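This report covers domain layout, a sheet and a chain interface. The sequence and structure come before the text.

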Amino acid sequence: MEAKSVREKEQPKTKETFEPKIVAFMCNWCAYSGADLAGVSRLQSSPNIRIIRTMCSGRVDPAMIMRAFELGADGVLVAGCHFGDCHYIEGNYKTMRRIELLKMVLARLGIDERRLRLEWISASEAEKYARVSFEFTEQIRELGPLELRMN
Amino acid sequence: MSKPKLALYWAASCGGCEITVLDIEEKILDVAEFFDIVFWPCAMDFKYEDVQAMGEKEIDITLFNGAIRTSENEQMAKLLREKSKILIAFGSCAHEGCIPGLANFFDRKGIFEYAYKQSPTVEEETRGTYPQPHTRVPEGEIEIPEFYDTVKTLDQVVEVDYIIPGCPPQSFQVWGVLQAVMDILKTGKPLPPKGAVLGAGDKTCCDECPRERKEKKIKEFVRPHQIIPKEDECLLDQGILCMGPATRSGCGALCVKANIPCRGCYGAPPNVRDQGAKMISALSSVVDASNPEEARKILETIADPLGTFYRFSLAHSTFRRAQIPNGKAQEKVVAQQEAEAIH
């Protein structure tokens with residue numbers, strides 16, 4: 001069964017009613033733990049972010065990011081370990097190169113590359129996660145809803 | 001018993017798929033012997049009305065090549081769907097848009113603007129005259145098909161039973177499929193599962209490639225004319241952008257055997273939704289950079305990344321087309337494409 005885009009069910013958004021939908025792919029070892037720590041420490045973070053835990057940020061295929069946009073995400077955050085910290089040694093280097101190339105491709109497809117953000121967040125950087133979550137939400141709010149044109 | 005009925009049709013395509021059917025050489029006579037060819041505008045004289053007069057599901061098999069560019073293409077696709085038991089998307093255009101699908105970087109306005117106004121080959125007296133679906137002439141009204149904004153693939157307008165990929169599908173594969181079909185019709189064997197890809201492998205092009213692969217570390221991408229590639233070494237290792245890792249096998253690694261990188265015409269390998277995304281994934285793993293600036297510098301040596309990754313599959317990709325707002329931002333896209341063409 002094909003997943004349906006949430007866009008189809010929604011009312012048209014105006015600037016006032018627009019709440020950004022953000023999908024965050026976070027690596028199990030650093031970024032996800034960082035976000036978890038933010039929760040445990042009762043730090044406030046943006047409620048617009050829907051986290052998907054992956055084993056490594058290098059696991060995040062560009063097709064998954066595109067699919068997120070297709071199904072209704074207005075922004076996608078990919079977060080992993082700092083360089084040198086990767087549990088799988090060099091997964092995050094691959095992520096970095098992948099996101100660079102994907103941004104180039106998205107920009108040429110007419111999708112603002114600021115809708116895709118890459119961050120390195122360690123398991124202890126709860127504040128950084130909280131800050132990034134608000135920053136990115138505000139960025140997407142400013143960019144407005146992503147309206148894909150299929151025809 | 002009457003012969004099974006076969007139809008072949010072309011929509012927005014170059015005609016290469018028709019040639020590949022004839023490339024099975026004298027075996028075409030066996031096909032004509034076995035089947036009653038009821039519709040094949042490229043080779044035989046049949047008219048639209050002939051198909052229209054047929055009963056529902058009267059044609060056993062239709063090989064449909066070409067993308068859906070105009071309302072006429074769509075109308076024919078719907079008509080042939082109605083009249084056929086089995087509809088096969090034949091070739092890359094019907095399967096995933098192929099080269100006609102690259103027009104999805106623009107829309108109707110942009111394409112017309114160039115083709116009928118800016119292009120240096122337009123005659124001065126007709127410059128800026130655009131085709132209209134309806135035109136009044138003294139004798140009455142003329143109607144021509146509507147040109148769509150977006151090229152669609154066959155499965156985006158009608159239900160498709162099977163796919164034969166390739167630009168064009170290799171003739172030995174076509175013959176293989178036709179033989180299998182004749183065998184099924186003769187013996188009543190079960191059909192392959194619906195949606196199956198016929199006449200192709202289930203691995204990637206790299207699997208068929210005879211070249212030697214080493215661990216890849218790419219410092220710079222080059223175009224095929226800039227170096228003389230070594231005959232037995234992986235082209236990607238040598239910095240030539242080869243689509244092999246993200247392309248379905250089945251062609252017999254034709255291009256790479258001729259020292260030319262794979263262009264990706266057999267489409268995405270099994271279980272891959274978006275060929276371009278897979279190529280992005282594969283490429284970024286082998287770029288030799290340890291920081292974003294360095295990575296960007298190397299990646300910027302790729303000439304026309306979008307047109308390379310999605311050369312055959314843009315119309316069937318996740319986004320299907322460039323996200324240009326209707327009419328707006330056209331100049332920006334054109335300028336970017338032109339700059340890349342020069343590069």
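## Domains of chain B

The centres of domain 1 and domain 2 of chain B, taken over C-alpha atoms, are separated by 28 Å. Domain 1 of chain B spans 1-200 and domain 2 of chain B spans 205-322 + 336-342, with bounds from an automatic or database domain assignment.

This is a predicted model, in which local features need pLDDT of at least 70, side-chain atom pairs count only at pLDDT 80 or more, and totals for chains, interfaces and linings use all residues. Residues are numbered from 1 along each chain as its sequence is written, while chains are lettered from A and ligands numbered from 1 in the order in which they are written.

## Contact between the domains

In chain B, 21 residues of domain 1 are in contact with 18 residues of domain 2 (C-beta atoms, placed from the backbone, within 7 Å). On the domain 1 side, helix 5 (92-96), helix 6 (98-101) and strand 8 (147-152) of chain B each supply at least two residues; helices (H or I, at least four residues) and strands (E, at least two) are DSSP runs, numbered from the N terminus.

## Sheet in chain B

An open sheet of 5 strands in chain B has the order 2-1-3-5-9, with parallel pairing (at least two DSSP bridges between two strands). Strand 2 (36-39) and strand 9 (162-164) of chain B each have a single partner strand, so one side of each lacks a neighbour in the sheet.

Strand 1 (residues 5-10) and strand 3 (residues 59-65) of chain B pair over 5 bridges. B:Leu8 has B:Leu63 as its bridge partner in strand 3 of chain B.

## Interface of chains A and B

Across the interface, 24 residues of chain A are in contact with 29 residues of chain B. Helix 3 of chain A gives the largest share of the chain A side, 11 residues.

How values were computed:
Contact = placed C-beta atoms within 7 Å.
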